[in-house]
Amino acid sequence: MDISGELLIGGKARRGTSGEFYAKKADSGEKLLPPFGGATKVDLEDATALAWAAFPIYRESNLEARAAFLEEIGKNILELGDTLILRTMAETGLPRGRIEGERMRTVTQLSMFAAEVRSGKFLDLRFDAADPQRKPMPKPDLRLRNVALGPVAVFGASNFPLAFSVAGGDAASALAAGCPVIVKAHSAHPGTSELVGRAVQKAVATCGFPTGTFALLFDAGRDVSQALVAHPHIRAVGFTGSRSAGTAFMHIAASRPQPIPVYAEMSSINPVLLFPQALATQGSEIARKFVDSLTLGAGQFCTNPGLILAVDGAGLDDFIATAVERLRQVAPQTMLTAAICSAYQQGTAKLAAHPKVTTLATGSEAGDFQGSAALFETSGQDFIAHSELHEEVFGAASLVVRCKDATELDIVLSKLEGQLTIALHITDEDYNAAAALLPHLENLAGRLLVNGFGTGVEVSPAMVHGGAYPSTSDGRSTSVGTLAIYRFLRPVCYQDFPHSLLADVLR
């Protein structure tokens, strides 16, 4: 399948005429053909009008047909074969194995939501029978179901060009809920986005759904992105990216005449708590696994272990010694974009220059477009006093916080913002100390894990990929797992309706 650089609207492709931009090879900055055209205001109006017209039809679509549609998207993505893999590798600098794994994860997500749709559980049907003899007032007939919110704007993520982009978790869960989707492709991988977008567009046609069920837009700047969030036909937003962009969308959405929810996954440093007995008996082994997790994918995961918390002692010294030795052997890796690489280098330089931070180790010297892993250390007292040390550095960098005692560790935890994950490394002898912290940790993060690291998010019904602000804009939600569908639904109660007016599922 050829890449044309065109927008996908109304079942067709058209050239965007609001500016022009190119994808670039992640490892060299070389331009990749073809050029892409940004959407105009007319393009945006057409896409949203078609989505709004499609909504009442698609919302009430047969559940089996909707499930088959999701599976058809997955089949079409697989049929893209090496065309998709090679273009994604060029645009992101990610290795073939990572892209192939992410492609399968994307297809698996679609299949998982297809199964959820077939089950009908997400409708949360409830029936309260009428009782005309009840005193002092008759009881009405009440029936409840969840209905789709309306067209959803989805913004592709830079670090997951497949699993969190055009047909990723936000788009898949919104489509599963019965919402048409308009995707604003990420400018770092537009060719990848177009290929997947055409796979979705083809599935829409094959399954006979309205052409407005899906659209793909490119934006040469920021105007289309902001206008999309502000458009009255858009009823929810799915976003994965920086805190600055996510909060900007939140402000736009809240300022509308009819405010809408923004489900933004933004910033997380994913603390790792090393308990005393675990450090004493397994410190070196934990350190080896930590470095593997830290440097996976150049550290460009939202669940990257960016903070290590532990009480001072010989066990922590052993952990650091092993981590330093292993990290120094790690070769630099190509980062997703030149902008991400530059931000990472600035972030690590800022930490290295901080008067209360010690640089423990860095990886091999990095070339252009590459990031070199880095490990830093500070004291618990200084971490408490300097909030700038709490900021995320997106990449393979982590900060060890050496606390003088358990009380100081508790204070450090109390200063943390919301997180996607918190990992606890414990043995049986640490259970009581861990149990005492759990209530606070549950308030901070959406996923707590024992003796592991947050990198690697299982696609399954019980998974939560969310957490308190600023890890996400709404800590009650998740962007992974079947619960993600509920972000794009709302309950409606039908009182004393004649059967002929009820949807089939409520009869």
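Quick housekeeping. This is a predicted model, so local features need pLDDT of at least 70 and side-chain atom pairs count only at pLDDT 80 or more, while totals for chains, interfaces and linings use all residues. Numbering starts from 1 along each chain as its sequence is written, and side-chain values use heavy atoms, with hydrogens and water left out.

Seven strands make an open sheet, in the order 15-17-18-13-12-19-20, with mixed pairing. At the edges you've got strand 15 (358-362) and strand 20 (445-450); each has a single partner strand, so one side of each is left without a neighbour in the sheet. On average, neighbouring strands here are turned by 20° against each other, direction ignored; the axes behind that are lines fitted to C-alpha atoms, for helices over the stretch in contact, and angles run from 0 to 180 degrees between N-to-C directions. Strands, by the way, are DSSP runs of E, at least two residues, numbered from the N terminus, and two of them pair if DSSP finds at least two bridges between them. Our L307 pair belongs to strand 13 (residues 307-311) and strand 18 (residues 397-403), which run parallel over five bridges.

There's also an open sheet of three strands, order 5-6-21, and that one is antiparallel. Strand 5 and strand 21 (489-495) are its edge strands, each pairing on one side only. Neighbouring strands in this sheet are turned by 25° on average, direction ignored. Strand 5 and strand 6 share three bridges, and D128 stands opposite L142 in strand 6.

D128 turns up again with K139, which sits in the loop between strand 5 (126-128) and strand 6 (142-148). Leaving aside neighbours within four places in sequence, K139 is in contact (heavy atoms within 4.5 Å) with D128, A129, A130, D131, P132 and R134. K139 is partly exposed, at 28% relative accessible area; buried is under 20%, exposed over 50%, partly exposed in between, with a 1.4 Å probe and protein chains only.

Last topic, the core. A nonpolar core is a set of buried Ala, Val, Leu, Ile, Met, Phe, Trp, Tyr and Cys residues joined through side-chain atoms within 4.5 Å. The largest has 141 residues, and I73, I77, V237, F290, L309 and F319 touch the most other members. Apart from it there's another core, of eight residues, including F160 and M463.

Notes:
Helix = DSSP H or I, 4+ residues; strand = E, 2+ residues; numbered from the N terminus.
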